[in-house]
Protein chains: 2
Amino acid sequence: MERRALILEAAAREFERVGYAAATIAAIARAAGVSQGALYFHFPTKTALALGVIDEQNVRTFDVVSHVDSSPTASLVAASRGIADMLLTDPIVSAGIRLSLERGEFAPATVAFYDQWIGGISDVFRLAIASGELRTDLTAEQLGSTTVPMFTGVQLVSAVRTGRQDLFPALDAMWRLLLGGIVDPRHRDRLLGVVAETFG
Amino acid sequence: MERRALILEAAAREFERVGYAAATIAAIARAAGVSQGALYFHFPTKTALALGVIDEQNVRTFDVVSHVDSSPTASLVAASRGIADMLLTDPIVSAGIRLSLERGEFAPATVAFYDQWIGGISDVFRLAIASGELRTDLTAEQLGSTTVPMFTGVQLVSAVRTGRQDLFPALDAMWRLLLGGIVDPRHRDRLLGVVAETFG
């Protein structure tokens, strides 16, 4: 791994371990196996490190939503599973999403991140409505701007309560609750089957 | 206001303004109009201040869910409006909920907070199912442990994206999406009417 990536990964692990407030440059440099001087060369402040983690998280997670197959709704379920897998294994993703909700210095990066996500997910909901899979009086934009925050809350509270041990059952329940009211009856069994296969 | 409450309120405002990491005891004491010595007498560390805000938030928010009237589902909608009003006007509540999602030192207080909330909301869902308002193959416990995180995510992302300016429309869309799949057809129009009156 190149040095910049190593540092970002060590920073993400440290932010997850002790929280952003308590994390120190010294501990991050030690964990990355670089000198503090080398770390400062890449990231002059702790804020810059956090923004680096947020940006890299954004790149990694947004990639999973760019694959839409013939069932747009199933693609959304698959995307949520992809993000869930990253939350469980990739500290850049878990730390990046948590940092993006902190108050203050990260706000501009965070707003751009959620706007991009909500835009991308709303596009897939638009396809799902057009394909006949979904039938609802909510607009695609309302569905996107509601489900992205819902997923955010479900994974965050799962992290806080159980260290994400209940993440899959929590997402299973989330999708069953969500789809119950919007799925067209003709697609209901198939799509609930996709949810059960993905998270059951 | 007594001095301890004044300090907690100033701390909450400062955590919301600059973030927990960047907040200083000196700035909080200044905003509360007390000496740093007086502040340390009540709260010996910044962690103690944060835990004080989380606890006080917990007391204030949990109170609104203890009022269940003849329509349990309508009571849940009313409770979410009550919390939304507090999020918009009470810095203790907005700062407390945000702090409760930070990694690290606050975890025990946070787990207790979410367990209590999910337990309380699940109890109301149990009444709503028993009363015939809701009809779903999800259990009351699954509904509680899904909707509390959903609400958390919706209000947090609203805070990040728009400073909570879109909180009411976001909650309106959340409830319409949620109720669509679980409400008994005989209660549908009435309960969607409650949502529209509450957040529309």
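Start with chain A as a whole: residues 24 or more positions apart account for 65% of its contacts with a separation of 6 or more, a contact being two residues whose C-beta atoms, placed from the backbone, lie within 7 Å. You are looking at a predicted model, where local features need pLDDT of at least 70, side-chain atom pairs count only at pLDDT 80 or more, and totals for chains, interfaces and linings use all residues. Residues are numbered from 1 along each chain as its sequence is written, while chains are lettered from A and ligands numbered from 1 in the order in which they are written.

Now show chain A as a cartoon. You will find 10 helices and zero strands, helices being DSSP runs of H or I with at least four residues and strands runs of E with at least two. The C-alpha trace spans about 60 × 30 × 30 Å along its principal axes.

Next, colour residues 1-44 as domain 1 and 50-199 as domain 2 of chain A; these bounds come from an automatic or database domain assignment. Nine residues from domain 1 and 11 residues from domain 2 form the contact. The domain centres, taken over C-alpha atoms, are 28 Å apart.

Then select A:Val53. Among the residues it touches, leaving out those up to four places away in sequence, are A:Leu8, A:Phe15, A:Ile92 and A:Leu99.

Along with A:Val53, A:Ala11, A:Met174, B:Ala11 and B:Met174, B:Val53 touches the most other members of the 135-residue largest nonpolar core. Such a core is a set of buried Ala, Val, Leu, Ile, Met, Phe, Trp, Tyr and Cys residues joined through C-beta atoms within 7 Å, and buried means that 20 or more other C-beta atoms lie within 10 Å of a residue's own.

Key
A residue is buried if 20 or more other C-beta atoms lie within 10 Å of its own, exposed if 12 or fewer, and partly exposed in between; C-beta atoms are placed from the backbone.
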